[in-house]
Amino acid sequence: MKTNKKTFVKRLASLVLVALLLMTALSACSGKQKVIKPTVNTDVFLSIDEKCALTASELSAIAKMLSATYDTDFKTQEILIAAYRGYDMLAEGFDASKIDPSVTNEPNLEAAVNLIRKANLKADSDTQIFFENYTTMNATDLLTLIKSMQTTVDLDASKGFWDTLFGWIGAFIGWMTRTLCFGSYIGGICLFAVIVELLMLPLSIKQQKNSIKQAKLRPKEMAIKKKYAGRDDQVTKQKQSQELQELYQKENVNAASGCLPLLIQMPIILALYRIVVDPLRYVLGQVPALSSALNAYFTASPAAGGLGKNIVSNGGTITMLSELTPDNLAGLKNFLFYGNGEELVSTIEGIMPKMPDFTLGNINLGLSPSFERFDWLLLVPVLTFVIYFFSMRLTKKFTYQSQAMQDQQTACSGWLMDIYMPGMSTFFAFMVPALVGIYWMFKSVISTLRQFIVCKIMPYPQFTEDDYRAAEREYAGKAPKKGETRPDTRTYGRDVQMIGGKPKSLFHMDDDDYVAKIEAEAKREAEEQGEEKIEGVALKQYDRPERKKKNKNESKSDGNDAPTDSEQ
């Protein structure tokens, strides 16, 4: 029981580690983006407008201080732009949801001054300003500060090796989406999943061949297990594991070779996930900076000219593209985060005819399942759990597990795997667009189907009871290794190992003192039961054929000599 608990803890720790690795891998594609402080373009201050109330050095110092104090909860650039548009985001009770991003008011200079004062209190000594005439700033000063923190998106930036490679794959998905699936993105990526499974087929065949090679050792594995049956101490388990390893080495079987295809598939799956969730970058062939700019526009407060949307999957662009319309795209032209807003809008308008369709009927699959909306998308996580659960159960039936693997599993870890992994998939299904969850489900189904077909074409060997008995006889008659002592099986059989009704360790059986104790115990029991002793071996009366035959004749003779009732 203690060993099972240790195994359960190890299995649970392994599952937690796998979950952390998956969450780390997905964190780049989902959740909030890392906060990047806006950089200050000091060239803006070289030729400031004469209408500015502050000097160039004073404006430069304020801009650097605001950039240094920018963080997740204190977005100085966004608050500054909102002040220029006439809104005070730091005011008590401010509600951005009631603001129309297309409406702009007169600059709120008081809100800008309030921002500078609060930011200066958070600044360190290197960026803190020590002059107070910023309270006299005007609208020109405010606009100059905003322009100094603006970014110009380079739409002609060169792409690296991986972006180029993923771009080729994304272009192929885009071609299938437009040509074979009538523009449906879910159809395109599901068709691509089928192609990936076909490309993975050689790895599956290789893995199946290795599993068959392991399966042929099943009778010998069972013979080794039976040899050590009834002993649950650590020393015995180590000997059993060592003998199994020796068997694998002798038969030239690598028990861990089945993990190689999985290790190869893991980076491929993560790469494909990245391509699927970011169609603007890979399917439509745009630079990463455009995805970042579109994300900033979608998530910025309406007070700052953004759309104020909660994008769950910031690493991707499915949700943004699924909600992109000509009306809300127009606001990007005057979005003061970027200095070339008109160029960004022109680029996006040029690729909109190639934009995939992220809907299924009237359901927008580009959105993530949420209890706030409580719509049909909530079925995606539920179906994810159900499909993953049954896929894992079916895959286990079609996958060979060696005796060593089975020994590592316990009843607790079995149900834990069946519930935990589908549960983690369900959790991730809430973090990504519903379209990605459907892609995962479809990929799980065809992976199970692929495994089923491979197992039917290349079945595992079947063994009879004679095969298992032959393996047991082979190991029962195995000669001891050099330097290894083995007790006489005639003396130290089942009765010796079960002294006290409890299985004993093989470690003690190799101990001379323990063997002497066992001999004395066996001798005492034999004397009490009136058994005979031959060469130190305790023999029960029925163990000797001659004695059994003699006893039978004596009983028959006694029966013949006994008087009958009539004679009495």
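In helix 2, residues I62, M65 and L66 meet L115, I116, A119 and N120 of helix 4, where contact means heavy atoms within 4.5 Å. This is a predicted model, in which local features need pLDDT of at least 70 and side-chain atom pairs count only at pLDDT 80 or more, while totals for chains, interfaces and linings use all residues. Residues are numbered from 1 along each chain as its sequence is written, and side-chain values use heavy atoms, without hydrogens and water.

Helices are DSSP runs (H or I, at least four residues), numbered from the N terminus. The table lists two packed pairs, with axes fitted to C-alpha atoms over the stretch in contact and angles from 0 to 180 degrees between N-to-C directions.

| Helices | Angle | Axes |
|---|---|---|
| Helix 2 (residues 56-68) and helix 4 (residues 109-122) | roughly 65° | within 9 Å |
| Helix 7 (residues 185-199) and helix 19 (residues 434-457) | about 30° | 10 Å apart |

Helix 7 and helix 19 are therefore roughly parallel to each other (an angle under 35 degrees). Their contact involves, among others, Y185, I189 and A193 of helix 7 and L435, I438 and F442 of helix 19. Its residues divide into 11 nonpolar, one polar and three charged.

Y185 also belongs to the largest nonpolar core, which has 92 residues; there, L80 and Y185 touch the most other members. Such a core is a set of buried Ala, Val, Leu, Ile, Met, Phe, Trp, Tyr and Cys residues joined through side-chain atoms within 4.5 Å, buried being under 20% relative accessible area with a 1.4 Å probe, protein chains only. Leaving out residues up to four places away in sequence, Y185 touches residues including I173, I275, F358 and L435. A second, separate core of 10 residues includes I224, L247, Y248 and Y475.

Technical notes:
Helices (H or I, at least four residues) and strands (E, at least two) are DSSP runs, numbered from the N terminus. Angles under 35 degrees count as roughly parallel, over 145 as roughly antiparallel, 65 to 115 as roughly perpendicular and the rest as oblique. Ala, Val, Leu, Ile, Met, Phe, Trp, Tyr, Cys and Pro count as nonpolar, Asp, Glu, Lys and Arg as charged, and the others, Gly among them, as polar. Buried means under 20% relative accessible area, exposed over 50%, partly exposed in between (1.4 Å probe, protein chains only).
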